[in-house]
Amino acid sequence: MTKRSMFIRMVLSSILRRRSRVLIAMLAVAIGATTLSSLAMIAIDVPRQMAREMRSYGANVVVLPADEDSGFSPAILADIDREVPADLLVGAVGLEYEPITINDLPYVAVGTDMEAARAINPYWYVDGEWPHQPGQALIGREIAQATDVGVGDTLTLMELVDSGQSLEAAGEAAPPAMTDEQPRQPDARGEVQPGQVTDEMGKPIAPADKTVTDAAPGGGLEVPSLPVTISGILETGGSEDGFVYLASADLSELTGRDHMLTVAELSVAANETTIASIAQDITSKHPEIQAAPVARLTHSDANVLDMLRSLMVIITIIVLALIMIGVSTTMMAVVTERRNEIGLRKALGAGNRSIVGEFLGEAVVLGIVGGFFGALMGYGLAQVISLNVFHRTVVFQPLVFIATIVVSVVISTLASLIPVRRAIDVDPALVLRGE
């Protein structure tokens, strides 16, 4: 029989002879390994899931046109959608803002992809349902209260235009502003019509039946309008309560212009540094736009995840300390119990190295067995915690499983150093005399 086989047999025999004490130590290692494994798996997988969950609070990257006086093409947003890694991009939506009037009151209409808007803003409360077909609109609570309408009612949206736009829409040139110094001259019938616009020489520049006041809703000029059916009433507690949301095609029908984005919002599940890098890449690849992180949201997400990781680190340290205390106490009791045996072996010529090797071998076996079962139970515990707290499952991490066993062995070995030191300090003469 080789020395290695003899050594393994001695270690196993020593463990089996003291099953009760060894089981207590092994249980301490297993409980610690369970906690360590579950926290490690949660710390790796759950922050990623939480980052996606936090995206329900709204977009954290905003894309604006480089030229504030113009919009940008939806094709650019499609390019961005392909460029951002799919595992990080939770959603992206483009928004076109246009001024409108409802019952002569000014509001803002937002043309967008309704499905994309719903995906990126799951926290929005909608009384009714989201628009899902042409001619439907989602109106804010403020508008619903001001116009006294509800779900299923019809509203007429009118484009808000100024006097110059109205005259141009009617095929006339926009007139200069009329001042008190500008003389009024009679028209062909010998009189200037009230409210009629004249040039600097007092000559009428627009027909008498098309005046500045005609540009307002309800005036003589035809203002673009669009009837919509209210599918739902939106309530967020923010500025959205004063907007009308409708499909991009419906807004283009109202304005008579192609869909151009005023702003785009992206929801990216990543840390603050990665989000800033993505925004910078978007801006560099598309000079016509500017992308920037929403600092308040990115800082908030990072702080929450950092606090979660810090909490797990603190708990892990406490658990490791408890493992060391439990194993050290048990091994100390084992050394005390085997004091006579140790003294006799030393009297027969056994060296300190042999005695230290045997005790450390027992510690390694405790760490391997306890760590193995603890790692398995840790995965189960991580699943239970993740399902009940985060409503998600965690992915099995082989590296965490192996690392848990290794750490358990290291902790068991370190916890045995003090008892082993007491073992090699046993004086064989005192032991043989029964002292």
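Which residues are exposed on the other side of H8? Let's work towards that one together.

First, some ground rules. This is a predicted model, in which local features need pLDDT of at least 70 and side-chain atom pairs count only at pLDDT 80 or more, while totals for chains, interfaces and linings use all residues. Residues are numbered from 1 along each chain as its sequence is written, and side-chain values use heavy atoms, with hydrogens and water left out.

The buried residues of H8 are Ile275, Ile278, Ala279 and Ile282. Buried means under 20% relative accessible area, exposed means over 50%, and partly exposed is in between, using a 1.4 Å probe and protein chains only. These four cover an arc of only 100 degrees around the axis, so they sit on the same side of H8. That arc is taken from the directions from the helix axis to the C-beta atoms. And here is our answer: on the other side of H8, the exposed residues are Thr273, Gln280 and Ser284.

Next, the largest nonpolar core. It has 21 residues, and Val63, Ile80, Leu266, Val268 and Ile282 touch the most other members. Such a core is a set of buried Ala, Val, Leu, Ile, Met, Phe, Trp, Tyr and Cys residues joined through side-chain atoms within 4.5 Å. Among the elements that each supply at least two residues are strand S1 (61-65), helix H3 (74-83) and strand S9 (263-268). H8 gives the most, with four residues.

Let's move to Ser412, which lies in helix H12, residues 398-415. Ser412 is buried, at 0% relative accessibility. Setting aside neighbours within four places in sequence, Ser412 is in contact (heavy atoms within 4.5 Å) with Val29, Val327, Ala363, Leu366 and Gly367.

Finally, something about backbone angles. Most residues other than glycine have a negative phi. Asn103, though not a glycine, has a positive phi of about 55 degrees. Asn103 sits in the loop between strand S2 (89-102) and strand S3 (105-112), and is exposed, with a relative accessible area of 55%. Asp148 also has a positive phi of about 55 degrees without being a glycine. Asp148 is found in the loop between helix H5 (141-147) and strand S6 (154-159).
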